[in-house]
Amino acid sequence: MTSRRTLLKGTLLGGAAALLPTAASAAGGGPVLRLPAPSGPHPVGMRTVHLTDPDRSDPWVGGAREVMLTVLYPARSVRGLARVAQLTRAEAEVFAGLAPRIHPGLPEPGTVDWGAVLTHGYRGAPPLPGRRPVLVYSPGGGDSRTLGTTLAEDLASHGRVVVLVDHPGDASQVELPTGMRTTALTGPPDPATFATMVDTRIADLRLVLDRLGTLPLAPVMDACRIGLYGHSAGGTAVVGTAQVDRRVGAVANLEGYLDLAPRPVGFDRPLLLLRTDGFEGAARLDSSWAGVPSRRAMFTDANHWAFTDYGSLVPRLQAAGLVTAATRAALVGTGDPVVTLAEVRRRVGTFFARSLATTRVTSP
C-alpha cells in the first residue's frame, strides 16, 4: 500500500500520564496504551449501530450502501458495565497491518496490541434523561471512526449525543455485519474518485440525519439542535452537507479543504475552521478558506493528525521507543499533546455550546 502522505498528497484525504505505557505489556511485548479520560461531569455510554440504505448503491462494491455508527452519550449510571475497546479484535488485527502502510513509521504488526486500547465508554449504559444536542462526526479520508474517540467522549461527557460515522470504502477498516471492509483506495485518487468519495460521505451523513429518530438513543436526541464536525476529508464533507441540508445548525471543520465543492462564501450558519501550523498543505488550505465567514484558530507545534486519537497515541509510542521523533513530527507535531488536546476540546466544545444553545426550527 502506498504511504498516507503519497495517498493524500494534493487531496487532503482526511495529561501525558493518562497515556503512559503501563507496566503490563500487550501481546508481543509492546506497551498497553490508554486514551485520555474525558473531562466532563458525566460518564459516557456507547452503542454501535448498523444502517443500510436500500435506495442507494455502494459506489465501491455495489449492493445496498451500509454505514456503521458509534453513538456516545451522557449516561445515568455505568455501574457493573465494562468499558468498550476502541477496536474489536478483528478490526485491531487488520489495523495493525494497515497502520504502518498508511502512516510509515508506525509500529509493525505484533508490536502493539491495538485491541487492548480501551475507550471510556460503557456499552449499553442507560442514558441520562433530557433532550440533548446531536453532533455527527466524519473522520479523515482513510481513517476509521474509532480514531475520533477521544474528542467524541469529551463532548458526550459534557452533555451531548455524539455520532461517529464510518464511511466503508475509503475508511481503513470497518467491521460490518456482512464482514470486514478495508479501504478501496490504492493510490492518489483522481478528481472523479475524490468527488465520488465526498459525494458518498455527504449522502452517508444525510442518511444518518434521516434516521436519527430511529436510533436507540432517539428519545434523548434533540433533532432541532444538530451540529456536524469532521477532520480532513471529513471536514470537507460536513461543510458540503450543511450547504445542502438546512437541518444542520453549526459546523466545525478540522483542517479540511474547501475548494473541492462550491465554496461556502455565503454560508449563513456558525462555522469553525481549525488548522495546525505544521500541515504541509497550508498554502492550499489558506486559499480555500479565503473569504469564508467563520471563526478560526491555529494550533502551534502541531500537525494534521493532532485532531485525532493519534495526537495522544503517537507521543506515547515515541516515549516507548516505538516511533521516531520524525514520525511524531510528521503526524501530530512536536508540541505537548496534553496542551493540544485540551485546546482542541475547549475550542470545539465551546463552539457547539454557543452555536447550539437554543432550539432551531429546521427542515431537510
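The model is predicted, so local features need pLDDT of at least 70 and side-chain atom pairs count only at pLDDT 80 or more, while totals for chains, interfaces and linings use all residues. Residues are numbered from 1 along each chain as its sequence is written, and side-chain values use heavy atoms, with hydrogens and water left out.

**The sheet**

Helices (H or I, at least four residues) and strands (E, at least two) are DSSP runs, numbered from the N terminus. Two strands are taken as paired if DSSP finds at least two bridges between them. On that basis, 10 strands form an open sheet with mixed pairing, in the order β3-β4-β1-β2-β6-β5-β9-β10-β11-β12. Its edges are β3 (83–85) and β12 (295–299), each of which has a single partner strand, so one side of each is left without a neighbour in the sheet. From one strand to the next the twist averages 30°.

Within this order, β9 (residues 221–231) and β10 (residues 250–254) pair in the parallel sense over five bridges, and G227 has A250 in β10 as its bridge partner. Strands β7 (residues 173–176) and β8 (residues 179–182) run antiparallel and are joined by four bridges; a hairpin connects β7 to β8 through two residues, and L176 is bridged to G179 in β8.

**Helix packing**

Two packed helices are described by the angle between their axes and the distance between the axes. Here the axes are lines fitted to C-alpha atoms, for helices over the stretch in contact, and angles run from 0 to 180 degrees between N-to-C directions.

| Helix pair | Crossing angle | Axis distance |
|---|---|---|
| α4 (residues 191–211) and α5 (residues 233–244) | roughly 60° | within 9 Å |
| α3 (residues 149–157) and α9 | about 50° | 10 Å |

Angles under 35 degrees count as roughly parallel, over 145 as roughly antiparallel, 65 to 115 as roughly perpendicular and the rest as oblique. Helices α4 and α5 are therefore oblique to each other, and α3 is likewise oblique to α9.

Contact means heavy atoms within 4.5 Å. On the α4 side, M197, V198, R201, I202, L205 and R206 meet residues of α5 that include A233, A237, V238 and V244. The residues of this contact of α4 with α5 divide into eight nonpolar, four polar and two charged. In the other pair, T150, L151, D154 and L155 of α3 meet L341, V344, R345, V348 and G349 of α9, and the residues of that contact comprise five nonpolar, two polar and two charged.

Helix α9 (residues 337–355) also lies across β5 (132–138), β9, β10, β11 (271–276) and β12, and runs at about 175° to β12.

**An aromatic pair**

Rings of Phe, Tyr and Trp (its six-membered ring) pair if their centres lie within 6.5 Å, with planes under 30 degrees apart counted as stacked, over 60 as edge-to-face and the rest as tilted. A search of the whole structure finds six aromatic pairs. One of them, Y257 with F279, is tilted, at 6.1 Å centre to centre and 45° between the planes. Y257 lies in the loop between β10 and β11 and F279 in the loop between β11 and α6 (282–289), so the pair ties together parts that are 22 residues apart in sequence.

Terms used
Nonpolar A, V, L, I, M, F, W, Y, C, P; charged D, E, K, R; others polar.
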